[in-house]
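Welcome! Take a look at the sequence and the model first, and then read on.

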Amino acid sequence: MEIPAINLKAIVLTHWLLTVWGSMTWVSSSYAWGNFSVLAVGVWAIAQRDSIDAVLMFLMGMAVTILTDIIHFGIFYPRMPFVRENSFSAGMAILNLLLKPISCFFVYQMYRERGGDYNVNFGFPSVSRNRDDYQSIDQQDESSSSAHPFSQAQDSKPGTRTY
């Protein structure tokens with residue numbers, strides 16, 4: 001099954017609208033600042049279509065805002081009955097949070113399409129069997145310059161080196 005192509009503009013616009021509606025009444029300004037700054041990076045990723053860094057930063061920002069949104073909901077979600085405006089705002093913020101992992105999946109696919117290959121490395125040594133990029137020691141080219149790399153030209157002075 002092939003993954004459908006989702007436009008980055010649609011992702012940014014959807015999250016912008018849900019962030020505007022979600023930050024109307026009940027949540028602190030840090031929710032709005034965090035989400036709008038990540039959406040600004042998303043605008044950068046839209047503007048530079050070939051940039052791998054912009055898409056990766058947008059992806060990482062979306063992943064971080066998933067965690068910060070959960071923290072915001074844990075702290076600021078009221079335990080008292082809602083009025084209409086607060087319930088709408090909270091519902092849109094929760095919908096924004098629920099859509100973020102799906103958006104992260106599609107942004108990761110865009111990152112891979114732009115040529116990015118993010119491999120997680122935790123610092124443990126690993127063995128790779130792909131040796132296509134390596135040149136064998138037995139098959140070195142014997143050219144005149146590489147056979148004697150420290151030899152000097154015959155017509156130069158003995159104290160000077162030619163580079």
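A residue counts as buried when its relative accessible area is under 20%, and as exposed when that area is over 50%. Please keep in mind that this is a predicted model. The protein has 163 residues, of which 28% count as buried.

**The overall picture**

- The secondary structure consists of 5 helices and 0 strands.
- Following the chain along its sequence gives the pattern α-α-α-α-α.
- Among contacts in the protein with a separation of 6 or more, 74% are between residues 24 or more positions apart.

- How many salt bridges does a search of the whole structure find? The search finds 1 salt bridge.
- D69 and K100 form this salt bridge, and their closest N and O atoms are 2.7 Å apart.
- The pair links distant parts of the chain, with D69 in helix α3 (residues 52–76) and K100 in helix α4 (residues 84–113), 31 residues apart.
- Are D69 and K100 buried or exposed? Both D69 and K100 are buried, so each has a relative accessible area under 20%.
- As a general point, side chains of opposite charge can pair when their charged atoms come close.

**Where α1 meets α4**

- Helix α1 (residues 8–22) packs with α4 at an angle of about 160°, and the two axes are 8 Å apart.
- Because angles over 145 degrees count as roughly antiparallel, α1 is described as roughly antiparallel to α4.
- α1 passes α4 in a left-handed crossing.
- On the α1 side, the contact is made by L8, I11, T14, H15, L18, T19, W21 and G22.
- On the α4 side, the residues making the contact include F88, M92, L95, N96, L99 and K100.
- Sorted by class, the contact of α1 with α4 has 12 nonpolar, 7 polar and 1 charged residues.

**Where α1 meets α2**

- The axes of α1 and helix α2 (residues 29–47) cross at roughly 165° and come within 10 Å.
- α1 and α2 are therefore roughly antiparallel to each other.
- The crossing of α1 and α2 is left-handed.
- From α1, the residues that meet α2 are L8, K9, V12, H15, W16, T19, V20 and G22.
- From α2, the residues that meet α1 are Y31, N35, F36, L39, G42, V43, A45 and I46.
- By class, the contact of α1 with α2 has 10 nonpolar, 5 polar and 1 charged residues.

**Two residues of α1 to look at**

- T19 lies in helix α1, and its relative accessible area of 1% makes T19 buried.
- Which residues does T19 touch, not counting residues up to four places away in sequence? T19 touches Y31, N35, F36, L39 and N96.
- L13 and G42 are 29 residues apart in sequence, and their C-alpha atoms are 9.6 Å apart in space.

Methods
Residues numbered from 1 in each chain as written. Predicted model: local features only at pLDDT ≥ 70, side-chain atom pairs only at ≥ 80, totals over all residues. Heavy atoms only, no water. Salt bridge = Lys/Arg side-chain N within 4 Å of Asp/Glu carboxyl O. Helix = DSSP H or I, 4+ residues; strand = E, 2+ residues; numbered from the N terminus. Buried < 20%, exposed > 50% of the residue type's maximum accessible area, 1.4 Å probe, protein only. Axes fitted to C-alpha atoms, helices over the stretch in contact; angles between N-to-C directions. Parallel < 35°, antiparallel > 145°, perpendicular 65-115°, else oblique. Left-handed = near helix turned anticlockwise from the far one by under 90°. Contact = heavy atoms within 4.5 Å. Nonpolar A, V, L, I, M, F, W, Y, C, P; charged D, E, K, R; others polar.
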